[in-house]
Amino acid sequence: MRIREAHPDDWPAIWPFMQEIAAAGETFSWDRDIDEQRARQRWFPQPPGRTVVAVDDDGRVVGTAVSGPNHEGPAAHVATASFMVDAEHAGRGVGRALGRHVLDQARADGFRAMQFNAVVETNDRAVALWRSLGMRIVATLPEAFHHTTHGYVGLHVMYQQF
Ligand SMILES: CC(C)(COP(=O)(O)OP(=O)(O)OC[C@H]1O[C@@H](n2cnc3c(N)ncnc32)[C@H](O)[C@@H]1OP(=O)(O)O)[C@@H](O)C(=O)NCCC(=O)NCCS
């Protein structure tokens, strides 16, 4: 598996698992029925935003991440990022490889910190993974996310200074 910059041609491989993740309503604060165009706009921001894909040995896209400044101007030195891994390829280190890559890239780009704005507290896999990569929970916004099965749950803000 390797991580590379995403190309517009990768979109047809990304959208099916992205749509599935949004529709599940468990991990992303997006409309569950977000349309393809809106999702694509969000996932392919203008530079300095970056989009990467993880591809397996056969060149298949198995995950993706988007990153860039979290805010503008005097707060533009803090990066943010979002991650999605195809459920069919979950639990095999794709998320960890994407997380490492995005953090290394943000450091190399001169960002001074990484902030994840909305990690659903019941998303155990993500919370454990981000913690293991040095992110820490700095706040939990009570009942800020309405989960499909758990109802109102907290959203963690996770942060790491470089
Ligand atoms: C969260 C996500 C990116 C993780 O990707 P992944 O490829 O499945 O993750 P990895 O295979 O790299 O595994 C990450 C770690 O989670 C651990 N893990 C798996 N299930 C877990 C669980 N239920 N509780 C705690 N840790 C768990 C794994 O053991 C692994 O740790 P290890 O590398 O020390 O073995 C992926 O599941 C995903 O896209 N989910 C839907 C969207 C999402 O949640 N995005 C992130 C929003 S913050």
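Strands and helices in these legends are DSSP runs, with strands needing at least two residues of type E, and both kinds are numbered from the N terminus. Please keep in mind throughout that this is a predicted model.

**View 1. E143, a residue with a positive phi in strand β6.** E143 belongs to strand β6. Its phi is near 55°, a positive value in a residue that is not glycine. Most residues other than glycine have a negative phi.

**View 2. Strand β7 and its two antiparallel partners.** Strand β7 spans residues 151–161 and runs antiparallel to strand β5, residues 113–120, with 6 bridges joining the two. Among the residues facing each other here, M114 stands opposite Q160 of β7. Strand β6, residues 136–147, is also antiparallel to β7, and 8 bridges join this pair. On this side you can pick out I137, whose bridge partner in β7 is M158. To follow the chain from β6 into β7, look for the hairpin, which connects them through 3 residues.

**View 3. Strand β4, paired with β3 and with β5.** Here β4 pairs with β3 in the antiparallel sense over 7 bridges, while its pairing with β5 is parallel and takes in 3 bridges. Two residue pairs make handy landmarks: G63 is opposite V85 of β4, and T80 is opposite Q115 of β5. How many residues of β4 are buried? The count is 6 of its 8 residues, and the strand is mostly covered.

**View 4. Helix α3 and its buried face.** Helix α3 covers residues 94–108, 15 residues in total, and reaches 21 Å from its first C-alpha to its last, close to the 21 Å expected at 1.5 Å a residue. Its buried residues are V94, G95, L98, G99, V102, L103 and A106. As a reminder, an α-helix has 3.6 residues a turn, so residues three or four places apart point the same way. On the other side of α3, look for D104 and A108, which are exposed. The cover over the buried residues includes β1 (2–5), β2 (50–55), β3 (61–69), β4 (78–85), β5 and α4 (124–132). Just after the helix, G110 adopts a positive phi of about 95°.

View 5. A106 is one of the residues of helix α3. With 23 other C-beta atoms within 10 Å, A106 is buried. Which residues does A106 contact, leaving aside its neighbours within four places in sequence? They are S67, A79, F111 and M114. For a sense of scale, E88 is 18 residues away from A106 along the chain, and their C-alpha atoms are separated by 28 Å.

**View 6. The shell around the ligand.** The ligand is surrounded by 20 residues, and the closest are T27, A90, G95, R96 and D124. Elements giving two or more residues to this shell are β4, α3, β5 and α4. Which element gives the largest share? That is α4, with 5 residues. Sorted by type, the shell holds 11 nonpolar, 5 polar and 4 charged residues.

**View 7. Helix α1 and what covers it.** Helix α1, residues 11–24, is made of 14 residues and reaches 20 Å from its first C-alpha to its last, close to the 20 Å expected at 1.5 Å a residue. Within α1, I14, F17 and M18 are buried. What covers them includes α2 (36–43), β3 and β4. Just past the end of the helix, G25 takes a positive phi of about 65°.

**View 8. A cis peptide bond at P48.** P48 sits in the loop between α2 and β2. The peptide bond leading from P47 to P48 is cis, with omega near 10°. Most peptide bonds are trans.

Methods. Residues numbered from 1 in each chain as written. Predicted model: local features only at pLDDT ≥ 70, side-chain atom pairs only at ≥ 80, totals over all residues. Pairing = 2+ DSSP bridges. Helix = DSSP H or I, 4+ residues; strand = E, 2+ residues; numbered from the N terminus. Expected span 1.5 Å × (residues − 1). Buried ≥ 20, exposed ≤ 12 C-beta atoms within 10 Å, placed from the backbone. Contact = placed C-beta atoms within 7 Å. Near = placed C-beta within 6 Å. Nonpolar A, V, L, I, M, F, W, Y, C, P; charged D, E, K, R; others polar.
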